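Please read the points below alongside the sequence and the coordinates.

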Amino acid sequence: MRDIDAEATAKDLDRGFAGLQLPANSLADAAGYERCAPLLDLLEERDLPLFVHPGPAPGSSTDPAWWPAMVPYVQQMHASWHAFRAFGRPRHPRLRVCFALLAGLAPLHGERFTARSGHQQPTDPGMFVETSSYGPTAVDAIVRALGIDAVVQGSDRPYAEPPRHPGYGLGGAAAYAFRIANPRRLLTGEG
């Protein structure tokens, strides 16, 4: 990740940007949240969302073409989800954040978190996950873990087309939530 320049970012936001995207590998631990704090403070001050997306994932020439999308990207998203809960949320209580790739399915590890920490992770209405190229099985599991209000429909364009059935088999109300209501809350904070 390049140097943090909150002043330049503020000027870009003044031009009408709806929020900011940061790479997940820059937000994978306490040091990352400390380093990116000026940008996150800026978003919080302006009531704008953060989108966390996989960062660079160098691989070897022997890795299959699908390897980055299935291994390092998922690991980055998984780590960034837990790091936000541990380090990001305490410092940025009003920040709305959306994690690509259903946060690497990290929300499905809530029971393990509770078993290991002795604490249950509360529902956070400011945390969202984007569907990417996941299908009904993963989306259904995430809805069971986080609730329907946390999911926004996304895609893996140009690598994969968005699903033809945006309700993921959960019905019309789910489709409306994923495509309209939840993205509105993510982008504006209004619901």
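Buried means under 20% relative accessible area, exposed means over 50%, and partly exposed lies in between, with a 1.4 Å probe and protein chains only. By that scale R144 is exposed, because its relative accessible area is 69%. The model is a predicted one, in which local features need pLDDT of at least 70, side-chain atom pairs count only at pLDDT 80 or more, and totals for chains, interfaces and linings use all residues. Residues are numbered from 1 along each chain as its sequence is written, and side-chain values use heavy atoms, with hydrogens and water left out. Helices (H or I, at least four residues) and strands (E, at least two) are DSSP runs, numbered from the N terminus.

**Salt bridges**

- A salt bridge is a side-chain nitrogen of Lys or Arg within 4 Å of a carboxyl oxygen of Asp or Glu; the structure holds seven of them.
- Side chains of opposite charge can pair when their charged atoms come close.
- One of the salt bridges joins D14 and R46, with an N to O distance of 2.7 Å. This pair links distant parts of the chain, since D14 belongs to helix 1 (residues 6–14) and R46 to helix 2 (residues 30–46), 32 residues apart.
- D14 counts as exposed because its relative accessibility is 56%, whereas R46, at 32%, counts as partly exposed.
- Another salt bridge is formed by R91 and D41, whose closest N and O atoms are 2.8 Å apart. R91 lies in helix 4 and D41 in helix 2, so this pair ties together parts that are 50 residues apart in sequence.
- Both partners count as partly exposed: R91 has 41% relative accessibility, and D41 has 22%.
- R144 and D140 also form a salt bridge, with the closest N and O atoms 2.8 Å apart. Because they are four residues apart in helix 6 (residues 136–146), about one helical turn separates R144 and D140.
- D140 counts as partly exposed, at 23% relative accessibility.

**R89 in helix 4**

- R89 lies in helix 4 (residues 72–91) and counts as buried because its relative accessibility is 13%.
- A polar contact is a pair of N or O atoms within 3.5 Å; within protein, one must be able to donate a hydrogen and the other to accept it, and residues adjacent in sequence count only if both atoms are side-chain atoms.
- The side chains of R89 and D124 are joined by a polar contact of 2.7 Å, and the R89 side chain also reaches the backbone oxygen of L95 at 2.9 Å.
- Leaving aside residues up to four places away in sequence, R89 touches F84, R94, L95, D124, G126 and M127, where contact means heavy atoms within 4.5 Å.

**Aromatic residues**

- Rings of Phe, Tyr and Trp (its six-membered ring) pair if their centres lie within 6.5 Å; planes under 30 degrees apart count as stacked, over 60 as edge-to-face and the rest as tilted.
- The structure holds five aromatic pairs. Among them is the tilted pair of Y33 and F84, with 6.1 Å centre to centre and 55° between the planes.
- Y33 in helix 2 and F84 in helix 4 are 51 residues apart, and the pair links distant parts of the chain.
- Y33 counts as buried at 3% relative accessibility, and F84 counts as buried at 0%.
- One aromatic cluster is formed by Y33, W81, F84 and F99.

**Helix 6**

- The buried residues of helix 6 are A138, V139, I142, V143 and L146. They cover an arc of only 135° around the axis, which puts them on the same side of helix 6; the arc is that of the directions from the helix axis to the C-beta atoms.
- T137 and R144 are exposed on the other side of helix 6.
- The buried residues of helix 6 pack against helix 4, strand 4 (127–130), strand 5 (151–152) and helix 7 (172–188).

**Cysteines**

- A disulfide is a pair of cysteine sulfur atoms within 2.5 Å, and a search of the whole structure finds zero disulfides.
- C36 is in no disulfide, and the nearest cysteine sulfur, that of C98, is 17 Å away.
- C36 counts as buried at 0% relative accessibility, and C98 counts as buried at 2%.
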